[in-house]
Amino acid sequence: MTQFSIVVPTLNESKNIDILLTRIFALNFAPDSFEIIFVDDGSTDGTPDKVRAWESRSNVHLIERQEKPDLTAAILAGAAKAQSNVIVVMDADLSHPPERLPAIITPILNNTHDVAIGSRYIVGGSTENWPLYRQLLSRVGGWIARPICDVNDATSGFFAFRRELTASISDNAHGYKILLELLMANQGKLRVIEVPICFHDRTHGTSKLSFSHQQAYIQRLITLAGGTASLNTAGRFAAVGLLGVLIDAIIFQWMINRGTGLALAHFVSFFVAATANYTFNSKWAFREHHTGYLQWHQFGRFLTVGTFALILRGGVLALLVYIWHVPPLLAIFPAIIATAAVNYLGSAFYVFPNKENPPSLEIRWRTAAIGIVIFIILLRLVYSGLAQLIPDEAYYWQYAQHMDLSFYDHPPMVAWLIWLGTSVLGHNEFGVRIGALICGFVTIGYLYALAQNLYNKSTAMRTVLLSSILPMGFASGLLMTPDAPLFATWAATLYYMERALLAGQRTAWLGMGIAFGLGLLSKYSLGLLGIAALVFVILDPTARRWMKHPHPYLAALLALLLFSPVIIWNYENNWASFAFQSNRVLADSFKFSVHLLIAHMIILLTPVGFLAAVLAFFAIRKPDALQPERRRLLFVQVFAGVPLFICFVLSTFDAPRFHWTGPIWFGILPTIAWMIGQTDHLSTFAKRIQKTWQVTIITCIFAYGFVLHYVVLGIPGIPYHLFTEHYFWRETAAEITQIAEEVKNKTGKEPIIVGMSKWSVASALSFYTHGECTARYPLTQYVW
């Protein structure tokens, strides 16, 4: 009985046929347990004759296709003729070692898995004698598929699967990576295993890989991710884009030459060009992907994408003109290129998405997460060096001018990061904020790992999305305050606690000790996680066993060692910082403020996020849950619930700080993200929340972009009256400097300038009269 069928597509492989078959038949397989099906795509070197010479064996067969050569079509043709239900695909060029066939076939034959992949990129896998450029192409091909495909080697050509799975592959599938088609067509339904192999470069014949194959692969990957991509579409979009560039540049330069402000010229030229682009794109460029007439939902999506492009373009334009001093008439062109990239990707995936074979909801969320997170990162990078410091940042910059082991009202981490950033990049906004940007990357990295451990990859990607767009996460990744390192270390501590307490990894205690110690150097409130850990250990019998091991105590000792600079500083200064923080919490004045705490939560999470968090707290219990799931739910509830409970208690007699609960939500954020992707067993209330996330995400991004664009370039028609009390200190510093010069000239004496508030006046004036920042921008560029 035939147990499995080996399908070998060929194209001019005559020198490899004999060697391949000799090695296969040398394996310890019963002759009647397998068959080998060669599918030839029009070889001209005698490959079919070589195969026919072996057809005297009953289990060697040849199929000669007459159609255009296509690897996917060849494999499907071979699978259709197979006599068994288990199909193995391998190349004929000997790059796939036949000796690994037993390891790849066994999981399928044993019915433990549906797909087994010969992987080069897991432990034990490797490549030999492959040119560097081929290794790079293979790696990049795998990397760009990873966001939507959950295997390490999605471009492998050596794999086994059940034949019935081919029925789910799209009729539009083509190219040389059928494994990707197979996995994506059955996303989330397959039991997949990767088996390490050593990939050898061919010794006979030539590679069939060409630029057209790579192009087809990328095009197909975009389609599988939900986008509309084709050479025809891309070419037409480029043609429309060039027309838009001409319209945009001509109007912009005309307005600048007539003395119009940078922001107004940028707005008007963009909207005129965008209107023309949408008309041509909807009627011509993307005509094959929709009905061809204007639909209001598409127009709404177009406006959304256009607004995001406008926001990013404004930042690029300001960066080039204000920081790099590029003339506006030249700076507009790189800004237009940035706009075109956002517009094309937004049009391909959002305005005119793939409707013929739309991907699953899970894949759509993954694609959205990738696009939005990248956009948020670009927004932070572009605007971080443009937007003036808020008073808090200037206040902590003052810390960095007087470096010490600690400070009166905060631990030293924020000052250390600012000192490091300004030492390398100078005393400017980007130098101050580079630490926050790095902390933002650390935060999303640890949150991704935490959510993947608690749930799965899709949940992890949605968690990163939520942490990037919710107000608490966006601000901490942009503004250099103590919250930036606190958020990073909070996420890291949660990750290591999950690894130690749930996964039982001993080495995680080392990471937890380091993260906890660095967190205390950032802000004392990270100590709340220590209380939560103690509660979890008391409640969970499995975690309680750690109390008998030295690892938790060594982790605590390591954290205390890292925190020692603060202890030393307090010892030398009569415990001033500890006393200050204690007095803030234990003050005699009584003020019931629970309602303010809840209001702050709603602002930090958005109303939808707050309702989703409440739902996640009280709607995730399952009476029939297995022990691992029960422990996971307990972990989520304890590490989010205990710190929140303490905040609620404190708010019953003291006014809460606005950002008290910010990092606490990291404990339950993965559960919120998990609930977004659920389709079954949801209440009506939960489904309504699920539907409102798209609007919430768009609204948040628009709000951040509006504020950043407003404070950097302005918004035509909106005067600068919104933030004048606590912002625009560069202009104030210039005015005060001018007044001081006038006083000095009139009196002959050096005036003394006193900032009546060390927080909002003195620190900001000190930063913007430090030298570098005072002369950066002409004052007229900030006046409408």
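In what sense do β5 and β8 pair, and over how many bridges? In this predicted model, β5 and β8 pair in the parallel sense, and 5 bridges join them. Within this pairing, V115 has V192 of β8 as its bridge partner. β5 is also joined to β7, by 3 bridges, and these two strands run antiparallel. Here the bridge partner of V115 is F161 of β7. Strands of a sheet pair through backbone hydrogen bonds, and the pairing can be parallel or antiparallel. The side chains of β5 are divided between two directions: V115, I117 and S119 point one way, A116 and G118 point the other way, and all are buried. Because 5 of the 5 residues of β5 are buried, the strand is largely enclosed by the rest of the structure.

β5 belongs to an open sheet of 7 strands with mixed pairing, in the order β3-β2-β1-β4-β7-β5-β8. From one strand to the next, the twist averages 20 degrees. Elsewhere in the sheet, strand β1 (residues 4-10) and strand β2 (residues 34-40) run parallel and are joined by 7 bridges. In this pairing, P9 has V39 of β2 as its bridge partner. Helix α1 (residues 14-25) packs on the sheet and touches β1, β2 and β3, and its direction makes about 165 degrees with that of β2.

The structure contains 21 salt bridges. One of them is formed by the side chains of E64 and R52, at 2.4 Å from N to O. This pair links distant parts of the chain, with E64 in strand β3 and R52 in helix α2 (residues 47-52), 12 residues apart. Both partners are partly exposed: the relative accessible area is 39% for E64 and 37% for R52.

A second salt bridge is formed by the side chains of R162 and D114, at 3.4 Å from N to O. R162 lies in strand β7 (residues 159-162) and D114 in the loop between α4 (101-109) and β5 (115-119), so the pair ties together parts that are 48 residues apart in sequence. R162 is buried, at a relative accessible area of 11%. D114 also counts as buried because its relative accessibility, 11%, falls under the 20% limit.

The side chains of R631 and D540 meet in another salt bridge, at 2.8 Å from N to O. The two residues are 91 residues apart: R631 is in helix α26 (residues 627-651), and D540 is in the loop between α20 (527-539) and α21 (541-544). Both R631 and D540 are buried.

The most is given by α12, with 11 residues.

A search of the whole structure finds 5 cavities of 30 Å³ or more. The volume of the largest cavity is about 240 Å³. This cavity is lined by 22 residues, of which A274, N277, T339, A340 and N343 are the closest to its centre. α8 (231-257), α9 (262-285), α10 and α11 each contribute at least two residues to the lining of the largest cavity.

I664 is placed in the loop between α26 and α27 (669-676). I664 counts as buried because its relative accessibility is 0%. When residues up to four places away in sequence are not counted, I664 touches W490, L528, F639, A640, P643, L644 and C647. V642 is 22 residues from I664 along the chain, and the C-alpha atoms of the two residues are separated by 9.3 Å.

Methods: Residues numbered from 1 in each chain as written. Predicted model: local features only at pLDDT ≥ 70, side-chain atom pairs only at ≥ 80, totals over all residues. Heavy atoms only, no water. Pairing = 2+ DSSP bridges. Helix = DSSP H or I, 4+ residues; strand = E, 2+ residues; numbered from the N terminus. Axes fitted to C-alpha atoms, helices over the stretch in contact; angles between N-to-C directions. Contact = heavy atoms within 4.5 Å. Salt bridge = Lys/Arg side-chain N within 4 Å of Asp/Glu carboxyl O. Buried < 20%, exposed > 50% of the residue type's maximum accessible area, 1.4 Å probe, protein only. 1 Å grid on protein atoms, 1.4 Å probe; cavity = no way out; pocket = protein on both sides within 12 Å on 5 of 7 lines; lining within 4 Å. Points joined across faces, edges and corners; volume = space filled by probe spheres on them.
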